[in-house]
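Open the model in a viewer and keep the selection tool at hand.

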Amino acid sequence: GGAGLLGLGGGVVLGTGVALGTQRLLPDRPNPVEAARRAAVAAVAGDGRHQPGIAERAPAHLIFTAYDLISTEPTAVRSALAALLRTWTSASAVLMRGEPTAGAERDTAGLGPAALTVTVGLGASALRRAGLDTRIPGPLADIPALPGDRIDAARGGGDLAVQVCAEDPMVAYSAARQLRRIAAAYVQPRWVQRGFQRTAAGAADPDATPRNLMGQVDGTDNPRPGTAQFDLAVWAADGPAWMRGGTYVVCRRIRMLLDSWDRLTEAAQSEVIGRRKSDGAPLSAPPADQGGGETTAPDFAARTADGRPAIAVNAHIRLAHPQFHGGVAMFRRGYSYDDGLDATGEPDAGLFFQAYQADPRTAFVPVQRALAASDALSTFIRHTSNALFAIPPAPPPGGFLAQQLLD
Ligand code: HEM
């Protein structure tokens, strides 16, 4: 017990599985809130092949830090990279077990691992600075400038990246701080993005698709981890040995113009995406009371009674759907962000979009080109940063991340 009081399905549920009100939970029935609480404090083991922090359910807090190398001479850069990646590999394992690294602050005393994951990436610029230009994998080619971009270069790019995710904000901050501290001889931080989403313990169903700050169910038609479609879309199957079983993450800080979005009716908001805002069902689906729902497949040929496409020609899901991109999918695992107010007093909030794929040249880039050209959502968003990192596979026991690149 001990999960406290949480509203669930109209009844008030106690952490022990006793229910008050309309819904009665039998004592031996698994309590989803208690299960979520346990998941929220557990350690993530990883699968040994891929880095953690990608396929696991995204915990509530994100701290994504990009770094630039301090050395300028290629040989020094290569040895700095090897020393740093060795250090980060071993520190990540310690932190993910819920232990502090040597000399850490006492800030997480009394807290568990909180589903902490650490994910490390390399930018193409790191390889260039190390004199390894000829070994930059094709998929790590710089994302071209795209129509509509309003990119702030200081908020993007970077030689290295460390993504920390955790269910507890103290655990996340502490891990990000420790990983920064032990890297200080080799790199300096370039930009940091914090993100958030609903907590596992706060959700009635922690496995339900979460919503973004526009209120939409976001993540419905994502490849599902553990399926062949996911493996094909996300993990690099060929290319250099140091990246096989790895992936490439595109990060875009996308500001939402929430005040103008709020002025649309809910029906108009649903049209923009092509899905009902209420339950995430495609607009081609039958009403909820006739079985239409979030998992109903979209029918892009369907028409309304008055002959218009049920899913508009400029709807976000039509322009982004793999069906119109040669079947190529990507795995979206972004976080909401709230960076306060800008200089004019407008909210600076939105989506820190993160997409994992085996090759951005055939996934993110063509999809974003199509979206930039005609997406109805474009009026309400602004892409303000851009970064791309290679995420190597998990290191073998005793080895370190990207070791084969640096040996
Ligand atoms: C689908 C929102 C940016 C690619 C969706 C859905 C929503 C959504 C609500 C429908 C539910 C789902 O399947 O997840 C947003 C918002 C964005 C944004 C609010 C910006 C703030 C992007 C960007 C890309 C993208 C930049 C890629 C370049 C996709 C894809 C789908 C999708 C591939 C699935 C389409 C399908 O298979 O039906 N998005 N999106 N989105 N979005 Fe976005």
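Begin with the whole chain. Of the contacts with a separation of 6 or more, 73% join residues 24 or more positions apart; two residues are in contact if their C-beta atoms, placed from the backbone, lie within 7 Å. This is a predicted model, in which local features need pLDDT of at least 70, side-chain atom pairs count only at pLDDT 80 or more, and totals for chains, interfaces and linings use all residues. Residues are numbered from 1 along each chain as its sequence is written.

Colour by secondary structure: the chain has ten helices and 13 strands. These are DSSP runs (helices H or I, at least four residues; strands E, at least two), numbered from the N terminus.

Of the 407 residues, 42% count as buried, meaning that 20 or more other C-beta atoms lie within 10 Å of the residue's own. The C-alpha trace spans about 65 × 55 × 45 Å along its principal axes.

Next, select residues 169-181, helix H4. Its 13 residues reach 18 Å from first C-alpha to last, close to the expected 18 Å (1.5 Å times one less than the number of residues). Which residues of H4 are buried? They are Val171, Ala172, Ser174, Ala175, Ala176, Gln178 and Leu179. Show strands S4 (61-69), S5 (117-122) and S6 (160-166) and helix H2 (74-96): the buried residues of H4 pack against them.

Last, select residues 209-393. UniProt, in an unreviewed entry, places the feature "domain: Dyp-type peroxidase C-terminal" here; such annotations may be inferred rather than shown by experiment. The span is 19% helix and 21% strand, and its end C-alpha atoms lie 27 Å apart.

How values were computed
Buried ≥ 20, exposed ≤ 12 C-beta atoms within 10 Å, placed from the backbone.
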